[in-house]
Each structure stands twice: as C-alpha cells, then as structure tokens.
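Welcome, and please take a moment to look over the model shown here. The report that follows walks through some of its features, one topic at a time.

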Amino acid sequence: MGTKKVKISSVKRAAHLKSKKKPISKQQQQKQKQKRDQLTSKREQGQNIFSQKARKRDNLAQRKKHNKLASLGLDPLEEDNEDGDDEMLDNVADMLDGDDLALLQANKRKRKAKTAGEEDPDQGQSVGLEKAYASDTKKEQEALKIKLDLLPIKSRDGQIITRTTEVDYLPKPKQKKKNEDEEQEEDSDDDEDGDTEFEDSDDDVVNDVEGAAAVPVQKLISTTDLLIARQQEIERQKYRIGIICSGLLEKPEDKMRNFHALYELMDEINPATRQANLMSVRKLAIISVTEIFKDILPEYRVGQVDTKMQTLRKATLDRVTFENALLQQFKKFLQKLEQITAQVNRRGGLRTPQTVKLATVAVQCMCDLLVAHPYFNYVQNIAQLLVYMLNCNYQEMRTAVNQCFRTVFSNDKRLEITLFIVRRINHLIKTKQNNVHVECITCLMGLKIKGVNLDAEKENELKQKKLESHRQRLLSLSKKERKRRKKLTEVNRELEETRAEENKQAKHQKLTEIIKMVFTIYFRVLKNDPTSRVLSAILEGLAEFAHVINLDFFSDLIDVLNRILEDQEELGYRERLHCVQTIFVILSGQGEVLNIDPIRFYQHFYRNMLAVQAGKNHDDFTIILKTLDEVLVKRRRNMSQQRLMAFVKRLLIGSLHLLHNGTLATLGTIKQTFQLTSVLDNLLDTDTSIGSGRYDPELDDPEYCNAASTTLYELTLLARHYHPTVRRMAVHIANGVPASGEGALPTEIGKLTSHELFTQYDSTQMAFNPTIPLPKAGQPKLKKGKQLYVRSDFKQECGKLLRGTPQTKDKHSLQIDFLSALQ
C-alpha cells in the first residue's frame, strides 16, 4: 500500500518547526536548571515594600468580607468570590419578606458603597508611596558622583603624577527581560558556536550619547553664559578624547573603530551631531591621534598581503588584518591633515587666523610622525607635503619643518628618506626659479657629510683599467691556476658579505648622490641668481661643505666668489664673511696645490672684521672665529709678518666692542697664535722707535698699515675688565703667554679653545660664569652724626641737662624730661 502525500501550508510548517524542540546535551540541561533555580530564588527574595503593602490590603479586604458574612449567619471560612456572595444573598432574600427583606437590601447597598470607598484610599496611598520612592531614587542618582582615573602625567623631574576626576552617575537603560526559552536557545547557540560578544563599556562615550541627547532648553543670552557653555563643552570633549585614547592604547586590535570618533572631532562640522566643533577640540583631537600613532605604529614597513590568495595561520592572519586596518586608519588621518594644510597653502584657500593656527598644529604633528617613524609607510608622502610647507608664507610653519628636516638628516642611518627630501627640495627650488625662502637652504646644514670623496669615480676608472690588464694576464694562466683564483675570489666575496661591505658601498653611493644634489642647488643659485635673497644661506652652506668639493671646481668657484665680493656693493657683511670663509676653507684643504694668491681675500676679511659688535649681530662672531682658525692658525706660515701683526692688532681692537664671551674667544685665538710663532713678541714692546713709519688703523690693507710700529695697549684696558677670566687672560698675554709662574693660566682655562670659550662663557641664558657669590650677611654699621643747633644758648642748656643727669650702665635706657627741665 503506497504512502499518501499531504500538503502542509508554510504557516503550519513554521509553527510545527517552532514547537519542535531540539535534543540538548546533559551539560546544557544542567546550565538551564541552574538558571531556573537562580530565577526562582530571585523571585522569592525580590519582594519589596510594594508587594507587602498590596498583601496587607488584600488581607484587610478579606477580613471585612468575612465579618459581613458572619453577621448574616454564614460560614466565613468558605472561599467565595464577590459574585458568589451576591448570589448567596439573593438566595437568602427569596426566603425573607417584609421588614427583614428591606433591612437585608439596605445592608447590601451599604456594604458595596463602603467597600468601594475603602479601596480608593488604599490605592492612592500605594501610588503615592511609589512616586515618592521613585523621586528619592532619582535624586540620589543625580547627586551620586563616580571617581574615575585619568591618564597619568610625567613631570619634568621624571615623576609620574596620577589624576582623578568626578563625573555624574549615568544609569544604563533597563533592558526587557527575555523569555526563558529564548535565553536557552541563545545559550545553546553560543555553546555551539563557541564565540561570545562582549559589550564595550566605552561605547556610550565613543558614540557621544550624552552630546546627541542634549538639546538646548534655554537660549544663551549673555557672553558669560556662552563662555561657560564653551568651557563645559571643552571639558566634556577632553574627557571623551581621554577615554577613547586610553582604550586605543590599551588594546588597539579591538578598538580600531574608535578612530572614527576622533576623526569626527577633527572636522569643522561633526557628521554625527551636525554641529560645529570647537577649534580647541579640533586641535586636541589632532594631537591625540598623533600621539596614538606615535605609540602603536611599528618600526618596520608594513607589506600588503592578499589574505584571499594565500593561506595563513590564525596568529599571522590576525596580525596581517590588524596591520592592514592600521594602515588604512593612518592613511585616512594623513588625508585629513592634508585637507587642513591645503587651506593655507593653495590658491583660493580660506586663510583666517583660525585656519592658520590649525594648519600649524597639523604641520607640527606631521613633523613629529616623520621624526618618530621615518621608515613606515606613507613617510614619503609626509616628506613631500612638508617640503612644500617649507616654502609657505608663515614663519612658524617654516621653522617647524626646518627643525624637523635637520633632525631627520642627523638621525637617518639608511639615507633613503634623506635622499628623497633633498631631491624634492632641489625640484622645488628649480621650479620656483630660486625664489624661495631661506629655510629651504638652511635645512641642508643638518646633513652629516663626512669622509665623502667625489673624486672616487676617477679612481674607480683607474682601478677598472688595472683590473682589465690583470684579467688579460689571468687568461694566459694555466687551468689549475684559474681554479685557484676562482676559489679565492669566492672566499673574498663571502668575507665582504660578512663584513657588510655591500651595505657600506650602497650607503656611500647614496651619500655621494646627496652631496652632488646639494652642490647642484648651490652652484645653480651662484651662477643664475647671485643677487638672490638666499645667497647668504648658500655661502654658509658652501663654507660648511667646502672640504668635499671636487678639485676641478675650485678655480671656477673662487672666481665666482671674488666677482660677488667686488661687483655687488650692496652685499652685507655676513655674506662677505661667508665668501671669505669658503675661500680659505678651500685653500686650506685640497686647494693648497692650486697656484692662487689670496691677498685680495685677506683685504676683504681685514675690512669686515670690525662689523660685529656687542649688539644684534654678536652671534655672527662665530663666522670670524672659524675664518681666523684658517687664516691665523693653519695658514700662518703663508702670511708675512706685517700682515700677521695687523690681524692680531685689529682683532684685539675689535675685542673691546664685544661681550665678555666674544672677548675671551678673541684672547684665546691671540694666545694660540702667540704660542705658535715668536714674531708677535714685538707687539708687547712699548718702544715705538723699532718699526718704520706710523701705524694707520683705518687703512684697509693689512700689509701696509705698519702694525709693527704699535703695541697692544688694549691689554691694559682688558686687565681691568668686569669679568675675572678676561682679566686673567689679558694679564697672561701681556706677560708673554708663560706656561708656568707669574701670569700663567689655570689648567681648566688654558686647555679651552676659542670656540669653547665663546660657548661656555655665554650669558644669553642669564647665567654668569663664574657664579657671583652672595654677599655676606651682617649688621649694618650706623655712623654717629653731628648735632646741629640753630641757637647756641639751646646747645648750652642741653649740655647742662646731660651733665646733670646721673649716668646709667645701659646707654639705651637714658631718658631725660627736656620739657620739665626747660620749664
């Protein structure tokens, strides 16, 4: 017999499947039993004051009903409802007649009215108790404060300062209880899946529930109310940013979505609340995100891994997922910063004081990220944007970027980001046709260029020719000898790999390319635009890196510098000093082989030595000190005696116009020159008849000013200087620079160079070296003055009174009644 198929509707089928229970394990049955026991115990223990009041009310009504039934002669212990009582009274009324029936009906009406009147006061009383309890609970919650821990602060002394704050208690909204069947189903599903979702305690702060729900009730009228509301909003957002940042730093893998809340605070209009963000809040959000990325970004470059095409382990997959999410958030943050800086750097941007301040904060944050993580992804994008900000119209931004690039240049070991920045600067200067700010050139002074030989290419060509000839000789060797040479070459290659020779060569190649790019920038400006406003920075850079200039460019460079010194009359003293410094650095190094007479450059230097004084340009005296090291120390043998004496004499004249640290540096240079040559001893002789002619201090040529006919009389003035170390140094030189005995210097002063003297005795930070001792504490001495009298007879009367009074041991207790004596 075949089976009969019956069609069932979808509604019945769904109801059948819903009613059908799945078999559960013993462990799940035990969990359900425990939950049922807990619910039962909670119900038994959860009786509050309202349930007790309701029970008392029911007992009172039941007692009154029993009394009524007892008065009618009925059994009060029977459990009848109100309908049953009415039916019983009707049955009794059928058996009565006359006055008894009227009395029974009246009692029935009174009972109903009385019960109705008694129920209303009890119900009103219970409702009043509930309202009073609810209002008291609400007041307690509003007055309740919660103490929360804030992020700690590290003081300048290195101490960790903990902070706490009190915030209002916000109770979480109650959730409706689910049925036991649904809870059991969820528990079974969780047990099967093995994954549980936990609610984040910071979600209400991150999502800004309080700010979204807050609606202004009253209009802010006065300025004071506006300021108070603004300060409250700033404090609230500070607390919110602190909670978000602490959560991100605690576990960034799970809190990556919280970055969106901080990005909303960076925008001008908050997308969530449709309200304008305060400028202070935007700055705080930018700085906070920067500090988070500085802490959680890795030191290595993150690679892109396609998780769909490759099978990875669980730990590796989690790490790759986190790195990809972190890279996306970092990219979004950089895009936000680029939009902020574009307002002040591009045409048509909104250049207001607020946008300029915000852009300054954004530029500083990008500088911090570049310094903290110079090898992470997107650092080249940061560097390219900062190069363009290096030529903006705002001094504060240019200074921040300049200092950032100097720090990156000094700390970069791989030289990759350094080479990229120098290339972008070269492109910027070439595009702007040398019309750039000085900071674009001065930042290159932070390059650490040492031991670079630009003539290495020629040397490599010579080596290559020698190796080629050696190769031809190897071809003519025997087969056995070739095998031996081949094995020896392989061993040498392995040794070079163990010594990291290849890395050194790659680094040296990058450094050489950086130097070529720098000198390309310098020579382009000198050739095409010698009157540019960056000429001073160009000459300063040439003086700094002149020791690595290729020998082939020496003669052409000296001609260009000489033309600048002679043709440009409006050239400042600083540019002239840099030109002279560059030339003497070149001639003191590899340029000694050149046949160049530097007499014209001596004249330029001698003419500009007195341009620096104790005023605004006192710091430029370091340029003169560096040039003096090249002229008086390294090239002293190439100078005539007259010229050497003239330089020493003018240098000592200029020391009278400087601060004490400049005077000490000058005396240190003169002391070193006295120790290296004995020609200058004639300047200490006071007999002026030895020299020929008369000394002319205003003559610009040091060769013909007759410096041998004068003496160093400035030392007598410096011997009475206000600074004790200057006095010692002046006496030391006046005594002929003795190594020991009278006039010798202490060891801690005599071993210092002129540059160290200029730095250590600098008082710009309001610190005097040596320290000035405190005056000794003592009682002031009171001098006795003479007594003056207008009338001589009054003097005599006073004398008589003093002689007539008895003498006491205590001089201070002498008391004379002049008024009574005169009367």
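Is Asp-620 buried or exposed? Asp-620 is buried, with a relative accessible area of 13%; here buried means under 20% relative accessible area, exposed means over 50%, and partly exposed lies in between, using a 1.4 Å probe and protein chains only.

## About the model

This is a predicted model, in which local features need pLDDT of at least 70 and side-chain atom pairs count only at pLDDT 80 or more, while totals for chains, interfaces and linings use all residues. Residues are numbered from 1 along each chain as its sequence is written, and side-chain values use heavy atoms, with hydrogens and water left out.

## The overall picture

The protein has 33 helices and four strands. Both kinds of element are DSSP runs numbered from the N terminus, with helices being H or I runs of at least four residues and strands being E runs of at least two. Of the 823 residues in the protein, 34% are buried.

Contacts also tell us about the fold. A contact means heavy atoms within 4.5 Å. Among the contacts in the protein with a separation of 6 or more, 67% come from residues 24 or more positions apart.

## A network of charges

Let us return to Asp-620 and meet its partners. A salt bridge is a side-chain nitrogen of Lys or Arg within 4 Å of a carboxyl oxygen of Asp or Glu, and by this rule the count comes to 15 salt bridges. One of them joins Arg-574 to Asp-620, with the closest N and O atoms 3.2 Å apart. Because Arg-574 lies in helix 23 and Asp-620 in the loop between helix 24 (599-607) and helix 25 (621-634), this pair ties together parts that are 46 residues apart in sequence.

Arg-574 also forms a salt bridge with Glu-540, where the closest N and O atoms are 3.9 Å apart. This pair links distant parts of the chain, with Glu-540 in helix 21 (residues 535-544) and Arg-574 in helix 23 (residues 573-588), 34 residues apart. Glu-540 counts as partly exposed at 24% relative accessibility, and Arg-574 counts as partly exposed at 27%. Through shared partners, salt bridges join Glu-540, Arg-574 and Asp-620 into one network.

## A salt bridge within one helix

Another salt bridge pairs Glu-630 with Lys-634, the closest N and O atoms being 3.4 Å apart. The two are four residues apart in helix 25, so about one helical turn separates Glu-630 from Lys-634. Glu-630 counts as buried at 11% relative accessibility, whereas Lys-634 counts as exposed at 58%.

## Two helices that pack

Two packed helices are described by the angle between their axes and the distance between the axes. Helix 9 (residues 223-250) and helix 10 (residues 259-266) pack at an angle of about 145 degrees, with their axes 10 Å apart. The axes are lines fitted to C-alpha atoms, for helices over the stretch in contact, and angles run from 0 to 180 degrees between N-to-C directions.

Which residues of helix 9 and helix 10 meet? From helix 9 come Gln-237, Arg-240, Ile-241, Ile-244, Cys-245 and Leu-248, and from helix 10 come Phe-259, Ala-261, Leu-262 and Leu-265. The residues of this contact divide into eight nonpolar, one polar and one charged; Ala, Val, Leu, Ile, Met, Phe, Trp, Tyr, Cys and Pro count as nonpolar, Asp, Glu, Lys and Arg as charged, and the others, Gly among them, as polar.

## Cysteines without partners

How many disulfides does the structure hold? The structure holds zero disulfides, a disulfide being a pair of cysteine sulfur atoms within 2.5 Å. The sulfur of Cys-365 is 9.1 Å from the closest cysteine sulfur, in Cys-367, which is too far for a bond. Cys-392 is in no disulfide either, as the nearest cysteine sulfur, that of Cys-440, is 9.1 Å away. Cys-365 is buried, with a relative accessible area of 5%, and Cys-392 is buried too, at 3%.

Most residues other than glycine have a negative phi, and most peptide bonds are trans. Asn-434 is not a glycine, yet has a positive phi of about 65 degrees. Asn-434 sits in the loop between helix 16 (416-431) and helix 17 (439-442) and is buried, with a relative accessible area of 6%.

Met-766, also not a glycine, has a positive phi of about 60 degrees. Met-766 is in the loop between helix 31 and helix 32 and is exposed, with a relative accessible area of 76%. Pro-770 lies in the loop between helix 31 (754-760) and helix 32 (792-804), and a cis peptide bond joins Asn-769 and Pro-770, with omega about 5 degrees.
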